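Student: Can you walk me through this one? I'd like the overall layout, then some side-chain detail.
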Amino acid sequence: MTSDQRVEGSNPSGRTGSYLIGTMLFDENIYRFMYSALQEAEKALDTNEVPVGAIVVYGNKIIGRGYNQSEMLRDSTAHAEMLAITAASNYLQSKFLDECDLYVTVEPCLMCAGAILLSRIRNLYFGAFEPKFGACGSLYNVIESGKYNHQPKVFSSIYSEEAKSLMEHFFAKKRPSMN
């Protein structure tokens, strides 16, 4: 879905009228929900975790949130997606989330892709591709392989620059240049 966003007003040169300010590829709610996932990723960054955030949406309402907490919990499975899916399952009292959408700032890894398939998430929206661990198009494409009885729809590159920037900031602090 592509829509042009127009605003009424004046531009910097003082002309008034209707101005095109950008093209939206998705419904504005998708951007709003991805922004919420970015806010979760910032929580991870603030606690010195890899800045990945995720939310689960059901009926246009956020029912699960998560950000990476592997260091804090000393648990390698405490990824943002896993925590958000668990919270959503608890909220709905169901292991199946087939009417839910998952928004995550960075492409899910193999473990998280498995959890997405097993929980039967309807749609997966993610920001930045993850060339080292990504299992939804980068390194592997488990979700869209066609080998499973459930196949969520996958949408990528939503606020990818913002997600990528958080990751770069985190790793620049962790691995300062030797110059």
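Tutor: Helices (H or I, at least four residues) and strands (E, at least two) are DSSP runs, numbered from the N terminus. In those terms, the elements of the protein chain run β-β-α-β-β-α-α-β-α-β-β-α from the N terminus on. This is a predicted model, where local features need pLDDT of at least 70, side-chain atom pairs count only at pLDDT 80 or more, and totals for chains, interfaces and linings use all residues. Residues are numbered from 1 along each chain as its sequence is written, and side-chain values use heavy atoms, with hydrogens and water left out.

Student: How many helices and strands is that?
Tutor: Five helices and seven strands.

Student: And what percentage of the residues is buried?
Tutor: Of the 179 residues in the protein chain, 42% are buried. Buried means under 20% relative accessible area, exposed over 50%, and partly exposed in between (1.4 Å probe, protein chains only).

Student: Change of topic: how many aromatic pairs are there?
Tutor: A search of the whole structure finds nine. Rings of Phe, Tyr and Trp (its six-membered ring) pair if their centres lie within 6.5 Å; planes under 30 degrees apart count as stacked, over 60 as edge-to-face and the rest as tilted. One of the pairs is phenylalanine 33 with tyrosine 103: the centres are 5.5 Å apart and the planes at 50 degrees, so this pair is tilted.

Student: Which elements do phenylalanine 33 and tyrosine 103 lie in?
Tutor: Phenylalanine 33 is in helix H1 (residues 28-46) and tyrosine 103 in strand S5 (residues 100-106), so the pair ties together parts that are 70 residues apart in sequence.

Student: Is phenylalanine 33 buried or exposed?
Tutor: Phenylalanine 33 counts as buried, at 2% relative accessibility. Tyrosine 103 counts as buried too, at 3%.

Student: Which residues do ring pairs link into a cluster?
Tutor: Phe26, Tyr31, Phe33, Tyr103, Tyr125, Phe155 and Tyr159.

Student: OK, asparagine 123. Where is its place?
Tutor: In strand S6 (residues 123-128). Asparagine 123 is buried, with a relative accessible area of 10%.

Student: What does the asparagine 123 side chain make a polar contact with?
Tutor: The side chain of aspartate 101, at 3.0 Å. A polar contact is a pair of N or O atoms within 3.5 Å; within protein, one must be able to donate a hydrogen and the other to accept it, and residues adjacent in sequence count only if both atoms are side-chain atoms.

Student: What else does asparagine 123 touch?
Tutor: Not counting residues up to four places away in sequence, asparagine 123 touches Cys100, Asp101, Leu102, Lys153 and Phe155. Contact means heavy atoms within 4.5 Å.
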